[in-house]
Amino acid sequence: MSISANYAKIRQDIPDDVTIVVAAKKRTPQELIEVINAGATDIGENYVQETGHMYSALRKKAAEVKWHMIGHLQTNKINKALRIFDVIETVDSLEKAEAVNKRVVKAKKQMVPVFVEINIGSEDSKAGIRVDEQEPFEDYMENLIKEMSHLEYLQIEGLMTMGPRFGNPEDVRPYFRRTKRIFGRIKSLDLSNVNMKYLSMGMSNSYKVAIEEGANMVRIGTAVFGKRPCSID
Ligand SMILES: *Cc1c(COP(=O)(O)O)cnc(C)c1O
């Protein structure tokens, strides 16, 4: 199937209130234009540099969608990231949050929506706050978000997790379920500067399970575009 047919099919199969962030790493501007023309509203990128090139190549099209940073955010790329991205999904420490906050003033002087990334499977290969380094994790997260909520230019809007990648997506269900519980707990605190709207979890092989477990944002690449030209994530 074509990119637009793939996108339309996924869009049709999942609830309307679930946002699809199209994961664009290693794709061409033509491929992105096709998916935007098919109705894509949100694009996820992993690398700041690459996104800059993509943004210029798409010209006016780029402004039709929201740009999500879904890759590891390096401190020395924050200024550039703030000029391109509408949402940063990968804040993974208080220090990173403070670094972003400090740089917002320079970039655009308005609140920046951010998500906090959790490494729910505590995997070495993944970014995000590791569950196994903080005991009990739920309390740790609650305190972390409370501290972040004092940062005046950050609007904390959600949580993001990759979750372990299993051959059978059922195996990731308990990880998604736990992330959703943490999400609910933080939401119920009702902190100022914190508006827990989005739970970003689930990829091509796991988005259905993620939605069943409460995700209202999924990040999908392969199922829209086909296999990546070079399969490094
Ligand atoms: C690549 C990527 C995705 C999408 O992965 P697919 O398996 O291609 O759907 C989602 N989230 C992040 C952070 C990614 O880097």
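**Close-up 1. Thr 179 in helix H7.** Thr 179 is found in helix H7 (residues 173-189), helices being DSSP runs of H or I with at least four residues and strands runs of E with at least two, both numbered from the N terminus. At 0% relative accessibility, Thr 179 counts as buried; buried means under 20% relative accessible area, exposed over 50%, and partly exposed in between (1.4 Å probe, protein chains only). Leaving aside residues up to four places away in sequence, Thr 179 touches Ile 120, Leu 159, Thr 161, Leu 199 and Met 201, where contact means heavy atoms within 4.5 Å. The model is predicted: local features need pLDDT of at least 70 and side-chain atom pairs count only at pLDDT 80 or more, whereas totals for chains, interfaces and linings use all residues. Residues are numbered from 1 along each chain as its sequence is written, and side-chain values use heavy atoms, with hydrogens and water left out.

**Close-up 2. Surroundings of the ligand.** The ligand is surrounded by 14 residues, of which Lys 25, Asn 46, Ser 204, Thr 222 and Arg 228 are the closest; a residue is near a molecule if one of its heavy atoms lies within 4 Å of it. This shell divides into six nonpolar, four polar and four charged residues. Ala, Val, Leu, Ile, Met, Phe, Trp, Tyr, Cys and Pro count as nonpolar, Asp, Glu, Lys and Arg as charged, and the others, Gly among them, as polar.

Close-up 3. An oxygen atom of the ligand lies 2.7 Å from a polar side-chain atom of Lys 25. For Arg 228, the separation between a side-chain N or O atom and a ligand oxygen atom is 2.9 Å. A polar side-chain atom of Arg 219 lies 2.9 Å from a nitrogen atom of the ligand. Of the 380 Å² of accessible area that the ligand has on its own, the protein covers 96% (Shrake-Rupley method, 1.4 Å probe; for residues, only the protein chains shown count as cover).

**Close-up 4. The buried face of helix H1.** In helix H1 (residues 3-13), the buried residues are Ile 3, Asn 6, Tyr 7 and Ile 10. Seen down the axis of H1, these residues fall within an arc of 95°, so they line one face of the helix; the arc is that of the directions from the helix axis to the C-beta atoms. An α-helix has 3.6 residues a turn, so residues three or four places apart point the same way. The packing partners of the buried residues of H1 are strand S1 (19-23), helix H2 (29-37), helix H8 (207-212), strand S9 (217-220) and helix H9 (222-225).

**Close-up 5. Helix H3 and the residue after it.** Val 48, Thr 51, Gly 52, Met 54 and Leu 58 are buried in helix H3 (residues 48-58). The buried residues of H3 pack against H2, strand S2 (42-45), strand S3 (66-69) and helix H4 (78-84). Arg 59 follows H3 and has a positive phi, near 45°.

**Close-up 6. Backbone features in loops.** The peptide bond from Glu 135 to Pro 136 is cis, with omega near -15°. Pro 136 lies in the loop between strand S6 (129-130) and helix H6 (137-148). Lys 26, in the loop between S1 and H2, has a positive phi of about 70° although it is not a glycine, and counts as partly exposed at 32% relative accessibility.

Note on methods: A polar contact is a pair of N or O atoms within 3.5 Å; within protein, one must be able to donate a hydrogen and the other to accept it, and residues adjacent in sequence count only if both atoms are side-chain atoms.
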